[in-house]
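I am opening a notebook on this structure. The entries follow the order in which I looked things up.

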Amino acid sequence: MAEFEDGSSFGNFSDDLGYGWATLIALLVILLFHSFKRLFSFSASPSKRLPVPVPVPVPPPAAASPFKIRVSEADLEFLLGNLDEKLTQNGNWEHVIDKSNTLMSYTAKCCKPKDEAVKYLSTTVFENCSPENLRDFYMDNDYRKQWDKTIVQHEQLQVDETTGTEIGCTIKKFPLLTPREYVLAWRLWEGKDKTFYCFIKECEHPSAPRKKKYVRVGFFRSGWRIRKVPGRNACEIKMYHQEDAGLNVEMAKLAFSRGIWSYVCKMDNALRKYNTINNPQIGRAVSAASLIQKVPPGFETTNIVPSASATPEATNRSELVTSTTDDRKDKKLQRRPSMKVLTNGLLLLGGVVCLSRGHSSLGAKVAMAYILTKLRQRDGSPERSRES
């Protein structure tokens, strides 16, 4: 066997050369195989090609239609029925308050229909006031924020100029409770002899989505009638109100009876200041007050009540109070005393004291009235009398 100068033999060189050619041939075969495979796949499956995007004409967006909600004549008819006490058969009326001073008088009563929220009927007579001024005062939400400290904010959401319906969102704060959110729709009508009506109810609106930090009031029905008192420089507003704000019924009634008079006095002071403002509605945005409509024919009754003190309601008030008191006494005699009464009263007192932050005018009155009422119920029970 021949050998090279470096000592390697020819046989070894031929073997290495053979292995190199074999490797090269193998690589060429693999390369050709992949090339034919790609070519075959491309020619055999032309449908797998990505389609060329063709621009599709997009129609222009349609004009956003306004949110529609109506306070209708049926709502006005419902309000008139409640103001005239024609829709109150379901429940007995209970006298709440009857107070007056030289500038105004206020009466209120309530009833609890079965499976419904508590209904309130109140009548306020303001001396030296015209129906137009009282109407503008009640509808001026910007001015209300100045004197009504329960209102955190108010925003007008929409006004439907066709029907005269206005929609707004109001946030109110309550003692020891999460603030309540009211999304409401309301509408005004003008009747005979400068008589004005307003009906308000809850609604939903896309501009006021629900928020976790507020409790949305899901049921709200309220309305009023403003008219002149015949023969006097005075006008009255009779109001119907029913709402479910998630409050305890008894506590809400107690807070109303103890706090409503001071609230009405504050309202009267604000009204006197409002009447000194020259043309307060000039320059304001369009609202339900500026779009007031006429009451449909046949809706109003011809019986005009001079004032709250002359109503049959006031004449028979003593009988109503006596019968209601007797009914409450009968229910008290049937109840057994509970050890939780004093505990609940003390908890309530502590909560109201924390709420009032040193201002004990309303909070202390509500708490003490609640505790004393419960203690009197316990002391008046038959078992307590036998122990004494």
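**Entry 1: conventions.** I take helices (H or I, at least four residues) and strands (E, at least two) as DSSP runs, numbered from the N terminus. The model is predicted: local features need pLDDT of at least 70, side-chain atom pairs count only at pLDDT 80 or more, and totals for chains, interfaces and linings use all residues. Residues are numbered from 1 along each chain as its sequence is written, and side-chain values use heavy atoms, with hydrogens and water left out.

**Entry 2: the loop between E6 and E7.** I started with backbone angles. Asp193 sits in the loop between E6 and E7. Its phi is positive, near 55°, in a residue other than glycine. Asp193 has a relative accessible area of 65%, so it is exposed. Lys194 belongs to the loop between E6 and E7 too. Lys194 is not a glycine either, yet has a positive phi of about 55°. With a relative accessible area of 44%, Lys194 is partly exposed.

**Entry 3: whole protein.** I counted 10 helices and 11 strands. The protein has 388 residues, and 37% of them count as buried. It exposes about 24,300 Å², with 58% supplied by carbon and sulfur atoms. That area comes from the Shrake-Rupley method with a 1.4 Å probe; for residues, only the protein chains shown count as cover. For contacts I require heavy atoms within 4.5 Å. Among contacts between residues at least 6 apart in sequence, 62% join residues at least 24 apart.

**Entry 4: helix H2.** I looked up residues 73-83, which form H2. Its buried residues are Asp75, Leu76, Leu79, Leu80, Gly81, Asn82 and Leu83. What do the buried residues of H2 pack against? The partners are strands E3 (119-127), E6 (180-190), E7 (196-202), E9 (219-228) and E10 (234-244). Glu85 follows H2 and has a positive phi, near 60°.

**Entry 5: Thr124.** I then went to strand E3, where Thr124 is placed. Thr124 counts as buried because its relative accessibility is 5%. I set aside neighbours within four places in sequence. Thr124 is then in contact with Ser105, Tyr106, Cys235, Glu236, Ile237 and Val264.

**Entry 6: Gly168.** This glycine is in strand E5 (residues 165-172). Is Gly168 buried or exposed? Gly168 counts as buried, at 1% relative accessibility. I checked Val183, 15 residues apart from Gly168 along the chain: the two C-alpha atoms are separated by 5.8 Å. Not counting residues up to four places away in sequence, Gly168 touches His154, Glu155, Gln156, Leu157, Tyr182, Val183, Leu184 and Trp186.

**Entry 7: helix H3.** H3 is mostly covered, with 7 of its 9 residues buried. I list them as Pro131, Leu134, Arg135, Asp136, Phe137, Tyr138 and Met139.

**Entry 8: H3 against H5.** Two packed helices are described by the angle between their axes and the distance between the axes. I fitted axes as lines to C-alpha atoms, for helices over the stretch in contact; angles run from 0 to 180 degrees between N-to-C directions. The axes of H3 (residues 131-139) and H5 (residues 249-274) come within 10 Å and cross at roughly 115°. That makes H3 roughly perpendicular to H5. The classes are: under 35 degrees roughly parallel, over 145 roughly antiparallel, 65 to 115 roughly perpendicular, and the rest oblique.

Which residues meet here? Asn133, Leu134, Asp136, Phe137 and Tyr138 in H3 meet Met267, Ala270, Leu271 and Tyr274 in H5. The contact residues divide into 7 nonpolar, 1 polar and 1 charged. In this scheme Ala, Val, Leu, Ile, Met, Phe, Trp, Tyr, Cys and Pro are nonpolar, Asp, Glu, Lys and Arg are charged, and the others, Gly among them, are polar.

**Entry 9: Tyr263.** I stayed on helix H5, where Tyr263 lies. Tyr263 counts as partly exposed, at 26% relative accessibility. Tyr263 and Asp148 are 115 residues apart along the chain, and their C-alpha atoms are separated by 8.6 Å. Not counting residues up to four places away in sequence, Tyr263 touches Arg144, Trp147 and Asp148.

How values were computed. Buried means under 20% relative accessible area, exposed over 50%, partly exposed in between (1.4 Å probe, protein chains only).
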